[in-house]
Amino acid sequence: METNIRLDYDKISKINDLGNIVNQYISGVIKERNISIEKNNSIDIITDDNKAEFDLTWLQKIDSKKDVYEYMSNIQSWTGYVSDIEEDNFTAKLIDKKDPTTYEIATFSKEDVSDGDLNLLKPGAVFYWSIGYATNKGQRIKQSLIRFRRSGNISVQVFDQAMDRAEELNQNLTWD
Amino acid sequence: MGLNLNNEDKQLPQNSQFEISLLGTGAGYGESVVIHLGYNNWIVVDSCINPKTKECLPLEYLRSRDVNVAKDVKLILCTHWHDDHIQGISELLANCDEAVFSMSACSDQKKFLQFVGLDYSKREKQPSTSSTEEIQACFNILEERNKPIKKACQDRLLLQLKNGNFTTNIYSLSPSDYMIEAFDREIAELFDQNNPDIRIPIEPQNHKSVAILIEVNGNCVLLGSDLEVSTNPEKGWICVLDKCQCLNKKSTLFKIPHHGSINGYHSRIWNELLSEDVTGILTPFHKGKKPLPEHQMIEKFLNHTEYLFITSDTGLSRSAKKRDHQVSKVINQFNNTVQELKFTFGIVKCTLNIQDENPKWEIKLIENAKRILKSQKN
């Protein structure tokens with residue numbers, strides 16, 4: 001049996017409910033494994049062609065507990081940038097995804113961050129904070145989700161393009 | 001949309017007027033200094049935007065005053081690579097055809113360009129407010145124009161102008177050689193780590209920022225950028241104080257560094273580089289736990305000068321943004337510390353008539369700008 005699948009994240013995200021389910025699967029998988037995602041791990045990697053890769057065995061595991069991971073509808077979401085870190089909490093600048101005009105700041109408890117994300121909590125780190133409603137066994141509950149950004153390594157092609165462009169600029173730009 | 005200046009504030013300065021306009025936005029949206037050197041020669045130090053309209057504020061300010069930006073802006077200086085000093089700078093450069101572009105950089109230029117290019121490739125996929133887009137866009141414009149980048153470093157003459165009896169010299173006072181080498185090492189390490197989860201620049205940039213001295217017919221202005229004081233004498237203000245050769249005369253106007261932060265303060269700056277009746281100007285900042293400037297620092301500045309002006313207060317709101325009541329309620333249930341940083345625009349405009357026998361700075365406060373008095377403590 002093939003143990004890896006590739007999903008077109010763009011297309012799926014356009015279908016709201018299914019997109020939400022996939023989002024829940026992703027965050028569920030992260031919590032379920034409760035580990036820090038290592039380089040080259042196949043979970044939660046958004047590749048250059050905007051595809052998400054999942055390890056199917058983990059999806060099957062999640063599927064058996066699907067009453068826990070039903071869908072969540074976001075009512076508000078931000079991109080956050082960590083500015084200060086203290087012993088038990090951290091402060092971040094927040095940019096409202098729907099209204100990216102003025103910033104907000106907020107302090108979060110480190111307990112709000114899943115164990116697998118704590119190693120990503122550093123000054124300058126980027127995270128996504130969403131609040132909304134999740135459905136669990138037909139019951140609607142309010143939910144807050146913080147997820148730190150993991151960036152997939154750029155492809156060889158993109159790397160080469162960037163190097164070529166830098167070389168070109170180095171030839172054309174002069175420094176006085 | 002443009003800036004809503006009254007007729008008096010829109011007026012162009014006279015040829016003999018040396019004018020410094022400090023533009024501030026409250027909170028952490030940025031600052032810019034727009035400078036008239038006399039005879040329609042302008043320079044712009046750093047750039048910021050209105051977060052609501054995304055307009056480049058120094059550009060709008062110049063346009064509101066009918067400045068021919070394509071021809072009359074002679075220099076654009078990017079003091080350092082922080083969002084609050086760089087937003088909109090590529091739009092500014094794109095409109096200022098004749099301007100020389102200056103910034104500090106590491107000595108390995110190829111590595112520097114690779115570093116910017118790689119980060120830019122990542123940002124293209126994950127839009128953010130990163131300053132990399134601005135720098136990359138500036139490089140593209142300069143490449144198209146076939147114009148060099150003027151490297152700023154300690155004791156460098158960035159611009160010299162002569163108009164009639166007017167002589168203007170603009171010197172960069174930093175970064176030091178030591179910091180330029182440190183930047184080389186930092187970039188090399190970033191390549192080794194290949195860590196894409198942190199926004200660049202990850203190391204503190206303030207020691208790399210470009211402080212400048214502007215001298216018009218012997219009248220000096222010191223713009224402190226975000227340069228800090230370090231215990232290492234090879235960097236920051238101590239290095240400027242000990243090693244700069246171009247600081248021969250005391251300045252009568254001082255843009256206080258790093259929003260009045262304690263790490264930008266040293267009594268030697270005030271005693272050795274500034275005149276007794278110096279005018280201090282600054283912008284506020286608030287993006288982390290502590291708003292700047294802090295009360296204790298304001299008191300220190302007021303011990304050095306009674307002429308202290310700020311572009312606005314820190315702009316911290318007591319609540320989150322205005323949203324649907326139900327959404328606000330849920331936000332508050334999960335986190336009741338969310339606070340909006342308001343955009344509070346203000347300009348401190350300082351004018352010196354060079355032809356006066358004893359020139360004195362005249363201060364005009366626009367929008368939310370205000371004077372800080374001893375009893376006020378911001």
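1. In helix H9 of chain B, the buried residues are Gly236(B), Trp237(B), Ile238(B), Cys239(B), Val240(B) and Leu241(B). Buried here means under 20% relative accessible area, exposed means over 50%, and partly exposed lies in between (1.4 Å probe, protein chains only). Helices (H or I, at least four residues) and strands (E, at least two) are DSSP runs, numbered from the N terminus. Contact means heavy atoms within 4.5 Å.

2. The model is predicted: local features need pLDDT of at least 70, side-chain atom pairs count only at pLDDT 80 or more, and totals for chains, interfaces and linings use all residues. Residues are numbered from 1 along each chain as its sequence is written, chains are lettered from A and ligands numbered from 1 in the order in which they are written, and side-chain values use heavy atoms, with hydrogens and water left out.

3. Chain A has 5 helices and 8 strands. Along the sequence they follow the pattern β-α-α-β-β-α-β-β-β-α-β-β-α. Chain A has 176 residues, of which 43% count as buried. Among the contacts in chain A with a separation of 6 or more, 57% are between residues 24 or more positions apart. The chain exposes about 9200 Å², and carbon and sulfur atoms supply 47% of that area. Accessible areas come from the Shrake-Rupley method with a 1.4 Å probe; for residues, only the protein chains shown count as cover.

4. Over all chains, the whole structure holds 21 salt bridges. A salt bridge is a side-chain nitrogen of Lys or Arg within 4 Å of a carboxyl oxygen of Asp or Glu. One of them joins the side chains of Asp96(A) and Arg323(B), at 3.0 Å from N to O. This pair crosses between chains: Asp96(A) is in strand S5 (residues 89–96) of chain A, and Arg323(B) is in the loop between strand S13 (307–310) and helix H12 (325–334) of chain B. Asp96(A) and Arg323(B) are both buried. A network of salt bridges links Asp96(A), Glu104(A) and Arg323(B).

5. Helix H5 (residues 156–172) of chain A holds both Glu168(A) and Arg165(A), which are 3 residues apart, about one turn of the helix. Their side chains form a salt bridge of 2.7 Å, N to O. Glu168(A) is partly exposed, with a relative accessible area of 41%, and Arg165(A) is partly exposed at 25%. Another salt bridge, of 2.9 Å from N to O, is formed by the side chains of Lys110(B) and Glu167(A). Lys110(B) lies in helix H6 (residues 109–125) of chain B and Glu167(A) in helix H5 of chain A, so this pair joins two chains. Lys110(B) has a relative accessible area of 33%, and Glu167(A) has one of 28%.

6. Which residues form a negative surface patch? They are Glu87(A), Asp88(A), Glu111(A) and Asp112(A). Patches are made of residues with over 30% relative accessible area and no salt bridge: like charges are joined within 9 Å, nonpolar side chains (Val, Leu, Ile, Met, Phe, Trp, Tyr) within 5 Å. Lys and Arg count as positive and Asp and Glu as negative; His and the chain ends are not counted. The place of a charge is taken as NZ of Lys, CZ of Arg, CG of Asp or CD of Glu. Glu111(A) sits in the loop between strand S6 (104–109) and helix H4 (115–118) of chain A. This residue, Glu111(A), is exposed, with a relative accessible area of 74%.

7. Is Asn219(B) buried or exposed? Asn219(B) is buried, because its relative accessible area is 16%. The residue is found in strand S10 (residues 219–223) of chain B. Leaving aside neighbours within four places in sequence, Asn219(B) is in contact with Phe18(B), Ile214(B), Leu352(B), Ile354(B) and Pro359(B).

8. Some backbone angles in chain B deserve a check. Most residues other than glycine have a negative phi, and most peptide bonds are trans. The bonds from Ser174(B) to Pro175(B) and from Leu292(B) to Pro293(B) are cis, each with omega near 0°. Asn40(B) is not a glycine, yet has a positive phi of about 60°. Asn40(B) is found in the loop between strand S2 (31–38) and strand S3 (41–45) of chain B.
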